[in-house]
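This report goes through selected features of one protein model. Please keep the sequence and the 3D view at hand while reading.

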Amino acid sequence: MPIPLRTTVFWSIYKLLDRAPVMQQPVDKVRAAAELRKKLFRLPGAWLIAGRADRSVDITEAAAVASDGTALPLRIYRPKTSTGDLPVVMNFHGGGWVSGDPRQSEWWASSLAAKADVVVISVGYRLAPEHSFPIPVEDCYDATVWVADHAAELGVDADRLAVMGDSAGGNIAAVVSLMARDRGQPDIALQVLVYPSVDFVGDFASERENANAPILTSKDVATTPGLYFHGSLREMSDPYASPLRAKHEHLPPALIQTAEFDPLRDHGSQYAKALRAAGVEVRLTNYVGAVHGYLSLPRVSPAAPQALAEAVAAVREALSSTG
């Protein structure tokens, strides 16, 4: 199945507006490029591409506290008609560890909260290159622990907790699951990994097949380590950077979604294979005709509503009871 026409048209127009791909910028220009991308997606009418927040949820803000005392912004989505302590899903946005913010996944996070009857909490973690590995993943782990520890005041049930993320956020969700297992808290019932990056040093056929795909190119993938790390191969091979290289026993069940026209497609399938080999329950879905970033493009990517429905079903099943 080819890339849908509306996706292709969107990408052709977007490239004219954003001529400086964030992940391909030198270190001193990354932040400016990231801010430009953020402004483009907040222009009047951008909802025609990125969708709108579900009107049946309340959106509030709070702050978690990292282990070093840094305040981490939280954007909280709660169904308006629900009462009592709801299951909670921690959401980590994409953006190559160098760009993005919690509002980036507003349509996805709010829609999942409304349809799965859960609270979704999106985390504003610190970004590279100013805050390189492992700060972004440690921030997200700290935020997850903080939410579990403050469940009563947040009105959530920490015994029914999942993690979720797309792209770099998918990497982070996988790493937070590893950290929670290794450090003994909190208990995570499900990991939802949407077109995740899982290995910085391996070789994947999809990175060659989709070298010039829309949204994310293989050049973006190749240049990201220079922004996220200090240039150390040892860092890049760390399981908390490349979770494919971790031990995978005793991890929570996973829903992994990938896109056909995505350099990261095979990252997801290889991670699913590794989890299954370790006895972890996995559902893997590759969305045909889809491109990287469909989660943020619900009005131009037909895969987005399908993927949302699948995520809603998985979250409902995993968090329906304390087990």
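## Burial and aromatic rings

A residue is called buried at under 20% relative accessible area, exposed at over 50%, and partly exposed in between (1.4 Å probe, protein chains only). By this rule both Phe-133 and Tyr-228 are buried. The model is predicted: local features need pLDDT of at least 70 and side-chain atom pairs pLDDT 80 or more, while totals for chains, interfaces and linings use all residues. Residues are numbered from 1 along each chain as its sequence is written, and side-chain values use heavy atoms, without hydrogens and water.

Rings of Phe, Tyr and Trp (its six-membered ring) pair if their centres lie within 6.5 Å; planes under 30 degrees apart are stacked, over 60 edge-to-face, and the rest tilted. The count comes to 13 aromatic pairs. Phe-133 and Tyr-228 make an edge-to-face pair, with 5.8 Å between centres and 75 degrees between planes. This pair links distant parts of the chain, 95 residues apart: Phe-133 is in the loop between β4 and α5, and Tyr-228 in helix α10 (residues 225–228). Tyr-228 also forms a tilted pair with Phe-229, at 4.7 Å and 55 degrees. Trp-97, Phe-133, Phe-200, Tyr-228 and Phe-229 form one aromatic cluster.

## The sheet and its helices

Helices (H or I, at least four residues) and strands (E, at least two) are DSSP runs, numbered from the N terminus. Two strands pair if DSSP finds at least two bridges between them. Eight strands form an open sheet of mixed pairing, in the order β1-β2-β4-β3-β5-β6-β7-β8. Strands β1 (57–65) and β8 (282–291) are at the edges with a single partner strand each, so one side of each has no neighbour in the sheet.

Strand β7 (residues 254–261) pairs with β8 in the parallel sense over seven bridges. Tyr-287 in β8 is the bridge partner of Ala-259. Helix α12 (residues 265–277) packs on the sheet and touches β6 (190–194), β7 and β8. Contact here means heavy atoms within 4.5 Å.

## Ser-122

Where is Ser-122 found? Ser-122 lies in strand β4 (residues 119–123). With a relative accessible area of 1%, Ser-122 is buried.

The side chain of Ser-122 makes a polar contact with that of Asn-91 (3.0 Å). Such a contact is a pair of N or O atoms within 3.5 Å; within protein, one must be able to donate a hydrogen and the other to accept it, and residues adjacent in sequence count only if both atoms are side-chain atoms.

Definitions and conventions: Axes fitted to C-alpha atoms, helices over the stretch in contact; angles between N-to-C directions.
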